[in-house]
Amino acid sequence: MFLFLSKLLPLFVYPLGLACLLLLLALGLIWKRPRWAAGAIALALGLLVVSGNPWMATQVVKSLEWQHLPTADLPRAQAIVVLGGGIKPAVAPRPWVDVAEAGDRVLHGARLYQAGKAPLLILSGGRIDWKEGGPSEAGDMAQLAMALGVPRGAIAEDPTSLNTYENAVNVKAILQQRRINRVLLVTSAMHMPRSLLIFRHQGIEAIPAPTDFLVTQQSLQEHQTTWQGRLLSLVPQAEDLSPFTRALKEYIGITVYWLRGWL
């Protein structure tokens with residue numbers, strides 16, 4: 001039930017869901033309390049304008065992504081842990097597993113293995129039956145990792161984790177079995193702050209190895225150095241509503257996980 005509620009309830013806090021609630025409220029008030037209705041409409045409009053603003057979305061995303069910037073001298077570890085969330089299952093009409101936006105995670109993990117950063121690749125991720133179910137994401141990531149040259153014997157799987165807390169708990173069990181504690185943690189840059197806190201709370205010596213950056217030096221310069229970029233950064237866009245919402249999800253997740261004592 002916690003898993004279902006954790007997926008459902010935030011939808012009404014995220015900008016789009018909250019704006020829809022405000023508009024529904026306005027419809028109910030428009031005849032008897034038109035001023036209140038107008039206020040609810042104005043609030044919904046302001047919410048969408050702010051959350052869809054490219055500059056605002058960039059700053060909120062950057063506040064998470066740039067907490068753990070990659071370094072050129074990433075140290076060696078005993079294992080590379082890759083968190084799921086970027087692979088779509090091979091269900092019809094897909095001919096094979098598909099790589100989503102966060103699919104950079106398994107690509108980066110395989111690259112680190114090929115670079116000799118660790119001798120073991122641990123892939124963590126299950127699938128929710130009522131939300132694009134199917135084979136475990138860990139299994140799908142393993143197929144992709146092997147296609148990228150990682151041998152099957154160098155891959156361990158956690159196929160049951162359904163959230164970041166379970167990722168850490170289940171991976172810890174694998175690490176204890178193999179007497180491993182020092183790992184490189186691979187996940188999306190925006191997801192890294194919460195993930196790192198959870199893994200370290202479990203007593204795992206996790207070294208951040210983020211990937212899947214949405215905000216880059218180039219994107220920042222484009223917004224600041226050209227009149228075209230500055231103008232576009234003022235206009236709300238649907239494509240910026242999504243990263244703003246994802247960043248908000250991370251901050252909400254950090255708060256909820258802290259309240260539950262998970263980090």
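Mentor: Two ground rules come before the features. This is a predicted model, so local features need pLDDT of at least 70, side-chain atom pairs count only at pLDDT 80 or more, and totals for chains, interfaces and linings use all residues. Residues are numbered from 1 along each chain as its sequence is written, and side-chain values use heavy atoms, with hydrogens and water left out.

Trainee: How many aromatic pairs are there by the rule?

Mentor: Rings of Phe, Tyr and Trp (its six-membered ring) pair if their centres lie within 6.5 Å; planes under 30 degrees apart are stacked, over 60 edge-to-face, and the rest tilted. That rule gives two aromatic pairs. Tyrosine 165 and tryptophan 262 are stacked, because their ring centres are 4.0 Å apart and their planes meet at 10°.

Trainee: Which parts does the pair of tyrosine 165 and tryptophan 262 tie together?

Mentor: Helices (H or I, at least four residues) and strands (E, at least two) are DSSP runs, numbered from the N terminus. Tyrosine 165 lies in helix H7 (residues 164–177), and tryptophan 262 in the segment after helix H11 (238–259), so the pair ties together parts 97 residues apart in sequence. The second pair joins tyrosine 257 and tryptophan 262 edge-to-face, at 4.9 Å centre to centre and 80° between the planes.

Trainee: Is tryptophan 262 buried or exposed?

Mentor: Buried means under 20% relative accessible area, exposed over 50%, and partly exposed in between (1.4 Å probe, protein chains only). Tryptophan 262 has 11% relative accessibility, so it counts as buried. Tyrosine 165, at 23%, counts as partly exposed. Tyrosine 257 is buried, as is tryptophan 262.

Trainee: Which residue lies over the face of tyrosine 257?

Mentor: A charge sits over a ring if NZ of Lys or CZ of Arg is within 6 Å of the ring centre and within 35 degrees of the ring normal. Arginine 194 lies over the face of tyrosine 257, at 5.1 Å from the ring centre. Arginine 33 lies over tryptophan 36 in this way, at 4.7 Å.

Trainee: Which strands pair with E6?

Mentor: Two strands pair if DSSP finds at least two bridges between them. Strand E1 (residues 79–83) pairs with E6 in the parallel sense over four bridges. Alanine 79 has valine 183 in E6 as its bridge partner. E6 and strand E7 (residues 205–208) also pair in the parallel sense, over four bridges. There, leucine 185 is bridged to proline 208 in E7. Four of the five residues of strand E6 (residues 182–186) are buried, so the rest of the structure largely encloses the strand.
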